[in-house]
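Work through the exercises below with the structure open. Try each task before reading its solution.

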Amino acid sequence: MVFLFRPVDFESLRNHSTVRIVTEEGTLIGRGRNSNQTKQDWEKIREYPNFVFEIIKIAEDKRFDSHHGVDLFAGFNSIRSYFFSKGKRGGASTITMQLVRIQNPEIRSYPFSLRKIFEIIEAIRYEIWLTKPEILEAYLNSVSIHSNLVGFPSASLAIFGKHIRFLSIEEAVYLTVLIRKNKPSLEELLTRYNNLVHRIPYELPILKNPAELIEYSQFKSKYDFAEDWKGENQHFLNWIRKLISVPSEEFVSSLSSELNSELHSIVNSELEGLARWNVSNASAIVLERMPGKEDELELRAMIGSKNFFEDGNGMVNGSLAYRDAGSTLKPLLYAIAIEKGYYKVNSIFSDEKYSFSLGQGGNYLPRNADLRYWGDLTLAEALGNSRNIPAVTAINQMGIPFFFRFLQLAGFSHLKESPQYYGPGLALGAGGTSLLQLTRAYGSFVLNGILPKIRLGSIDKKPLYYGSTLRLFSPDTAEEIKFVLKDPKLRQRAFGRRSYLDFPFSVSIKTGTSKDYRNSWTVAFNERYVVGAWVGNFSGERTMDVSGSFGAGRIVQNIFRNLMKDKPKQDFMPNFTETKRFCRLTGKLALEKCPAIGLQVRKKVIPSEFCDEHSGNTKKLILGVGFVYPSKGQIYLYHPSYEKETQSIPVRIREIKTLKDPKLIWNGEKELIPSPNGELRLPIFRGKQSLVLYDGDVQKATVDFEVK
């Protein structure tokens with residue numbers, strides 16, 4: 001008896017209430033999850049319409065107002081029907097006893113008789129210390145309902161999209177028949193519905209078959225979260241639930257429900273047109289720079305798939321999934337290569353067929369997407385046109401482990417294998433990325449080289465971030481890459497005069513297409529926004545040659561136009577760079593007869609050497625004799641664990657057939673004989689080395705390189 005006088009604290013019954021998650025507009029999009037992995041809201045009893053109490057009492061405990069926790073009459077009838085009725089209907093739990101079970105889930109493991117004794121004693125204690133309205137409030141807010149929802153307030157918001165105070169009599173009946181029924185059949189729901197309608201003092205129709213239930217109430221769409229529901233906020237909601245660990249009443253996210261809805265419409269509209277190309281899904285993200293914030297961006301929109309509630313892979317959040325990154329990592333590759341002094345924006349690369357040694361793993365022969373080779377070109381053109389050979393040359397120059405560690409610092413924490421596992425293909429996206437990772441990394445170009453932390457919202461007025469800030473490269477480097485990716489003339493040779501990469505305002509943009517066209521990527525940014533999109537199939541099935549510029553590019557184009565429709569169209573203003581004209585073929589300051597290109601280069605290091613090779617015919621020089629590789633100043637790495645024979649250095653000479661008496665001198669001593677096509681391989685050993693090409697006694701070309 002002493003046990004009954006232990007007080008029951010009403011506030012303790014709310015211990016499973018979960019965080020409200022709202023958008024920046026204040027729209028409730030869901031709840032967090034508690035320790036029971038359920039979503040639970042809590043509303044005061046005064047918020048409920050009075051008919052809810054009547055319906056719930058009739059359905060669950062018609063003598064609730066008169067008993068003291070235990071309904072002896074119902075218990076007697078239950079025992080009698082269990083032993084003497086064919087249906088063997090058992091159970092006489094009152095609302096108070098049900099509340100005891102909800103608050104003490106561990107008793108489910110007790111033997112039946114012991115559990116019932118505990119429920120009865122505890123129910124009497126609840127009745128002693130709590131009022132009837134408090135018991136009813138606790139029950140309505142914590143009873144289990146369909147789809148892991150807990151309580152009428154959560155279910156009303158999730159199923160009907162309205163606050164509990166606006167619930168209709170009809171809707172109150174629907175929620176009542178869903179109590180403790182996570183996956184009921186429509187036939188079972190029809191039976192429960194009709195049984196309840198017979199007993200309540202409200203005029204609702206008696207229905208004869210499940211089809212009538214669907215037609216009358218549109219219950220299937222509400223019960224099943226069916227096809228009309230697209231769930232544009234659900235991927236963000238599920239992700240945030242995993243991140244929130246601080247007990248609180250409300251999390252105000254940075255997500256805009258209005259913008260997210262617009263993005264969702266754009267994604268689905270574009271997917272309709274791409275369906276003929278065997279494209280079934282897409283993801284999109286928008287990050288925004290806020291005034292006065294120099295090290296953070298806000299997540300404004302996240303679309304994980306075309307329809308969260310679609311059967312199959314709809315709930316896969318494509319913006320967080322890892323997939324082959326294609327060419328989207330090249331801006332980061334060149335940025336760190338420039339930062340560390342390996343190259344400049346005007347450095348010359350040789351875009352020629354080239355075999356890179358993999359040690360004991362053989363050789364790696366990268367190819368460009370168009371299966372062509374363009375010869376000498378600047379770093380800016382190589383990046384703007386997304387050429388693969390120069391990118392692989394750059395990663396070999398720096399060393400694969402160096403770029404691997406840089407990516408890990410830049411937030412690519414999923415790279416768990418060794419650098420050798422990914423090889424030089426890491427420059428071409430072999431390590432993979434997620435859309436969130438990628439857009440965040442591109443944010444470093446917006447924030448002058450600082451990798452941003454992503455603000456997701458605030459909880460108890462304290463911001464919640466994804467990631468932390470880190471300076472990746474200098475403002476000069478960030479601005480140089482930004483202007484390269486902005487210039488449509490630089491990418492015109494690969495993407496044409498008009499494409500989805502061109503905008504009526506200043507935007508820097510980069511695309512990526514993985515092997516066999518399985519993943520289409522595009523990331524674009526200006527001074528305010530970073531927009532990223534992925535297009536493909538969650539199954540990994542290849543598309544019908546959908547490239548980054550065509551697939552994801554269309555989505556990014558529409559999103560950016562939507563973002564900027566009511567905003568001033570400002571051009572990029574250089575702060576750390578100035579425009580210089582360079583020769584496309586030598587990378588030196590251009591003269592009048594040079595094939596020139598205008599590039600933004602840092603003010604701190606202004607080149608002073610003018611091109612001295614274009615006093616004659618330019619075309620003849622473009623096709624003139626020279627070394628395709630090694631390129632000038634190239635560095636090779638010797639690995640002592642691998643056999644020397646597998647690490648030989650490839651040499652290729654351009655236009656060797658035009659020479660009458662070709663001679664190749666290695667290190668000023670040894671004469672080598674190249675093949676008729678100008679190819680041979682050198683044995684590897686450490687040190688600085690040189691190759692000099694002669695036609696008879698006339699020197700035609702020279703190149704210096706080094707093996708470390």
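Buried means under 20% relative accessible area, exposed over 50%, and partly exposed in between (1.4 Å probe, protein chains only). The model is predicted: local features need pLDDT of at least 70, side-chain atom pairs count only at pLDDT 80 or more, and totals for chains, interfaces and linings use all residues. Residues are numbered from 1 along each chain as its sequence is written, and side-chain values use heavy atoms, with hydrogens and water left out.

**Exercise 1.** Classify Phe-503 and Phe-505 by burial, then describe their ring pair.

Solution. Start with Phe-503: its relative accessible area is 15%, so Phe-503 is buried. Phe-505 has 10%, so Phe-505 is buried too. Now take the rings. Rings of Phe, Tyr and Trp (its six-membered ring) pair if their centres lie within 6.5 Å; planes under 30 degrees apart count as stacked, over 60 as edge-to-face and the rest as tilted. For Phe-503 and Phe-505, the centres are 5.7 Å apart and the planes at 45 degrees, so the pair is tilted.

**Exercise 2.** How many aromatic pairs does this rule give? Classify Tyr-442 with Phe-525.

Solution. The count is 23 aromatic pairs. For Tyr-442 and Phe-525, the centres lie 6.3 Å apart and the planes at 70 degrees, so this pair is edge-to-face. Both Tyr-442 and Phe-525 are buried. One aromatic cluster holds Tyr-442, Phe-445, Phe-473 and Phe-525.

**Exercise 3.** Is Ser-350 buried or exposed? Which residues does Ser-350 touch?

Solution. Ser-350 has a relative accessible area of 12%, so Ser-350 is buried. Contact means heavy atoms within 4.5 Å. Leaving out residues up to four places away in sequence, Ser-350 touches Gly-375, Asp-376, Ile-389, Val-628 and Arg-654.
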